[in-house]
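The following exercises concern a predicted model. Work through each task before reading its solution.

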Amino acid sequence: MRIRYVSAVTLLLTLAALGGPVSAAPVPAPAPAPLAGENLMPNGSAEEVNAQGQPTGWELANPAAATLTTALGGCAGERCLQVERKADAPADANASLTSPVAPTEAGWYLLSFWFKYDFPPESKPLPLVYVQRRAGADRTGWSGSPMYFYFANNPPSGEWHYAFLVLRQRADQTGLQMRMDSQHMGRQLSLDSVQVRRLNLPATFTLLSTNVIRTSYWGGEWVPDSDAMGGIAWRVTEGLFPPGSKMSGPVRTSELPGLYRATYRLKRQVPGGQPVGLNLSGGGGQTMETILPEDFAENGKYQEFTAYFLYPFGGGTGCNWDWGGKGTYDFDMLKLELIRRVSDHEAWNLLYQGVDADRVLPAPPAAPVVAGAPPRAWLGFGLYTEESGLPKALTAAGFQTNTSAISGDGKLVPTFPGTVGLRLMVLADVPARMLSPVEKFQIMRWVSNGGGLVVSGGPYGFGYGGTPGSFVGDLLPVTEDWAFDLYRLPQPAPVLRPNGEKLGMALWLHRAKPRDKAKVLLTAGGQPFAVGWQYGQGKVLALLGPPLGEPPSPYWENPAWTNQLANLLKWTAGL
Amino acid sequence: MAKFVAVLLALLVLASVASADLAVQVWPDKLQVRPGEPVQLQVTVTGLTAGQTAAVQCRVARLLDQEAAKYDGTTDAAGKVSFTFKPTAEFGYEVTATATAGGQEARGREVFACAQNPWSACVAYGGDSLRSWNMPKPGEQYDPYITKRIADWVADWRTNYESVGEILGIAYDPFSSVAPPPGIDNYFSGQGDTAYRSTVSGLKKLTSDLHANGIYSTVYVNSSVSGVGGTEFARKHPEYLIFTRDGSVFGGLNTQTLPLLQRFYQQYPASLTDKEFQPIIDSISPGGLHIAPLNFEHPELAHLGAESIIRGREVLGYDGVRYDGHYSVPAIGDPLAPSSMYLDYAGKPQPSVRDGDALTARNMKLTMTESRAKYSDFLFGFNWAGFRPDNGDWVMSSKEAATIAPGSYILDEVAKGAGEAAAPDNRWVDFARNMTEEAERARKFGAFLFAGWGGGPGYNEVDTRWIKAFSWAGGFRWIPGDNRNNKAAWRLYNQFAFRYSEFLLSNTLHRLPLEEATKLVQVTASRPIVYERFVEQLQNADGRFLVINLINSPVEERITQQAAVPPVAENVQVTLAPELFAGGAPRLAEARVLNPDATEQSQTLPLQAAGGKFTATVPSFSYWSVLVIPY
């Protein structure tokens, strides 16, 4: 059985038909206007093949360097494009592809594709795609080239990965090209679901947030500049700093997933020279923009440029400039404005469209309950998990629990093992953003199939963990503010059972509103403290009162809390 | 065989004669004191025969060669005699002991200093040697392991005339671990490879022994919460955390080792020898438990920080703290942009740096005021990244500097790359310009500039001399990185600068602007002399002095750390225009030349007057001489 994921709604309706009734409406309404228009790229999945066995419409720029075929085993449809660089090709000949179509109408476009390769794990980063800004220009490196290109930084070989670029179509720009680097002789690159869509940029919007970035990186210097926002500018000077010098934002800006408008100010001090490249990255994609010397009206005067940046799924953003070592430029600032939020569902529907999820991502069932065998649970161990009482309650409830902790670089160790064999998984103040989009997607399907999910709060939980708008957020029996949802009650308040029994005091809560059909299981200060609901065949429990602050007689030190929590865990696991 | 015995006997005779040679060692029991505090001048005479005593004359000098005290005494049967001296004037002193016995005379010399503010006379800052103080391994005894290390470090600082130093690593976080919880004797804190593992008793012994030697100590602190205590602090006060724009806590988090570390404390002291905890003892980087900088918009944090460092001083005995990033608002980050990067727990952006300056200044003023209300001599140090907003380094604003710098140590960590080819200060001329200008700015705020942590083992004896000469002549102190002490030049130059610190590092020195200096002072010599930025005037209770640092120009343009020995500068004529002394040169008759490499480090030079100008001629020097002219 194969399912094409045209939309999440279709997916869930299909799952509901296959696996039983979905008791709550789990999918939030998509944004009113789609992020992007129709796919303009014909045969991007290589399902159409010509008499020579090549994908219709696609051409090799240099047939002497490579072969172009299609192969079975695509992630979208049955086939995929396959480019193999000939082992005997000249060293400087690249295996370049020319796509069937390139957009000609000026505007901002989303180029997305899936790729897989068989290169050795330690290969150099792979320049996978580039778009010429100026016809006939040779690539001498991003910094020196009027092109955009994307590096695949060695994700695991043999697996499908998605990537996307946000690019601007200009009048002087040629079409999309893809190529393999010449170092990968005799190796294969597979491409699938290559799509080009025009971004729907809202004509009017409510500005949701603004972030101004100035921080320098290396290879330049601060110079006094009364025209600059802070009285100084970051300057790269020909002859003084080496090519490849950066004008960079911070490594991590940690923006909310969304569509951004980036406005930046550059000043050309010395005419001529090579272009400056802007790169905004995050969420598996990049915005690339090349500013040519001729884009400046005059020297010595700041000019403002605009770019758009799509940042789905979360996980860290960054921006930097690259400079080719020619000409002298001043950088004042870059302003990132969030003009539209993008949920996991929305991003998934856009970037995973056409992907055969059942084959690429088999739907995991919840483990059956076996009499006499302890049910298995997985605990994502967050900052105050010990204090929360969850480990004790898991033991008291009879679970056999595997635990992953958070490492110094913000990853789960051991990595999330997946849901196979689990009855219960607990995200105990573990940020949802620590899970990949695919992991979150799988958890959503696993819960639909009968798994139990507990999400508890803290400085890294719920909104702080990137839960709202994510697949995990969609599973919750509550809706939350976008990110900053933790608040302190006016005064310590007892945690109350429905029968009025007190379990000790709480001081901090996540601000959340129960969804329809959700059940408020505990309250504190008149606010929901523990909320549960059924999602498909599974259950989800939200624990909204983290063990924070210093209330008198805190609930987490109350012996009755462990028993209460153990019962809630068993309820969530369907035991 | 007989021949061999004869030779042996001859050697023994020679040895006995040699052992009878009179020798004197004079040892101030303290390297540095405050005015009015006593210094025991301990004189030990060796080479006396049994029952013989020596007459000892002890002379204490300061300034150029001004006698501050003179003592006469006789050694006891052990060849020892001691004098008590209470300095009142600040800066360097030199004590010379002359012993006479059996027709022989011997002389010994040592230096010490006096300063109300220990930073002012401090010529080099110790600290790097206190990295990685390891706990004894299981089965290994506390003694003699730690005791020996304490003794080694005290000797290390003392030998190198480092009168103030930093104990790295024990207090990454002033909100939780400056002192461990009551009843806990061991430490696990620190930063990366400086992770500090020791005991309260060991630290107390260290600071106590440092004090006994006239050395002041500070501890490294940061403005984040970290470790077990910091994690608990953040749990009790999530409102103090800072968040990035997507809601995530600004900072790192590691729960991998947290439970193990919590158990370590719970099970102390059995955990010390428990193999389960050995991975922590061996490898944990408590910086990895660093969880977050804090939102210092809350003034309560400054109160809590002050309470913590006061308690730490009471428990551990240190003299102060050095903030590696203090309580700035907004959190450390882009120094100039609006701080839309950082938000409070409710999503409200922190004030911009410019708006936050007042809050930062408030925080540190509060911290310093509260600490000094309890201990008026509490020492403070801060970083400021040298006013060169480079590579995202944090920069102290003028408002902050005006609030917190007076009387403080200021560390510039930008200069540390001077010895690296790509560094902006790699050329000597740039190093001199940039650092001198920065030192002047520090002086303007009443602070004491130290440049660190740069170079170290890479600097040969030649470059060691130059880097130190350029630094002190420029009015700042150079703190090297690792292994700073293994060079004779290091000790020799530190001793020299300590002795003459008044003419090198006093904040009352007035540096002449470059144009003025080159107009009023002209230097000719057998080879180029660097002096232009190093002409200063000193006026205090002792009189008025013109101070000219003369540096024999390095052979290479760049700081290579492996410089070649320069040709000796000879016949160095320093001509002074009369207007330099306008209104005050009736006694102008002679100059003093101070040379760290000379046997007699202070020598008198005549001043030749001709055509209304005065000329002093320094016969020769290899690296650096300081010409001091009273007027």
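**Exercise 1.** Determine how the span of helix α11 of chain B compares with the expected one, and state which of its residues are buried.

*Solution.* Step 1: helix α11 of chain B covers residues 428–444, that is, 17 residues. Step 2: at 1.5 Å a residue, 24 Å is expected, and the reach from the first C-alpha to the last is close to this, at 24 Å. Step 3: a residue counts as buried if 20 or more other C-beta atoms lie within 10 Å of its own. The buried residues of α11(B) include Trp428(B), Phe431(B), Met435(B) and Ala442(B). Step 4: after the helix comes Gly446(B), with a positive phi near 75°.

**Exercise 2.** Identify the strands at the edges of the ten-stranded sheet of chain A.

*Solution.* Step 1: the order in this open, mixed sheet is β24-β23-β22-β25-β26-β33-β32-β31-β28-β29. Step 2: β24 (412–413) and β29 (502–510) of chain A each have a single partner strand, so one side of each lacks a neighbour in the sheet; these are the edges. Step 3: within the sheet, β22 and β25 of chain A pair in the parallel sense over five bridges. Leu424(A), in β25(A), is the bridge partner of Ala377(A).

**Exercise 3.** Describe the largest nonpolar core and the contacts of Ile410(B).

*Solution.* Step 1: this core has 316 residues, and Ile410(B) and Leu627(B) have the most contacts inside it. Step 2: strand β6 of chain A gives the most to the core, with eight residues. Step 3: among the residues that Ile410(B) touches are Phe382(B), Trp384(B) and Ala442(B); Ala442(B) is also one of the buried residues of α11(B).

Note on methods: Residues numbered from 1 in each chain as written. Chains lettered and ligands numbered in written order. Predicted model: local features only at pLDDT ≥ 70, side-chain atom pairs only at ≥ 80, totals over all residues. Helix = DSSP H or I, 4+ residues; strand = E, 2+ residues; numbered from the N terminus. Expected span 1.5 Å × (residues − 1). Buried ≥ 20, exposed ≤ 12 C-beta atoms within 10 Å, placed from the backbone. Pairing = 2+ DSSP bridges. Core = buried A, V, L, I, M, F, W, Y, C linked by C-beta atoms within 7 Å. Contact = placed C-beta atoms within 7 Å.
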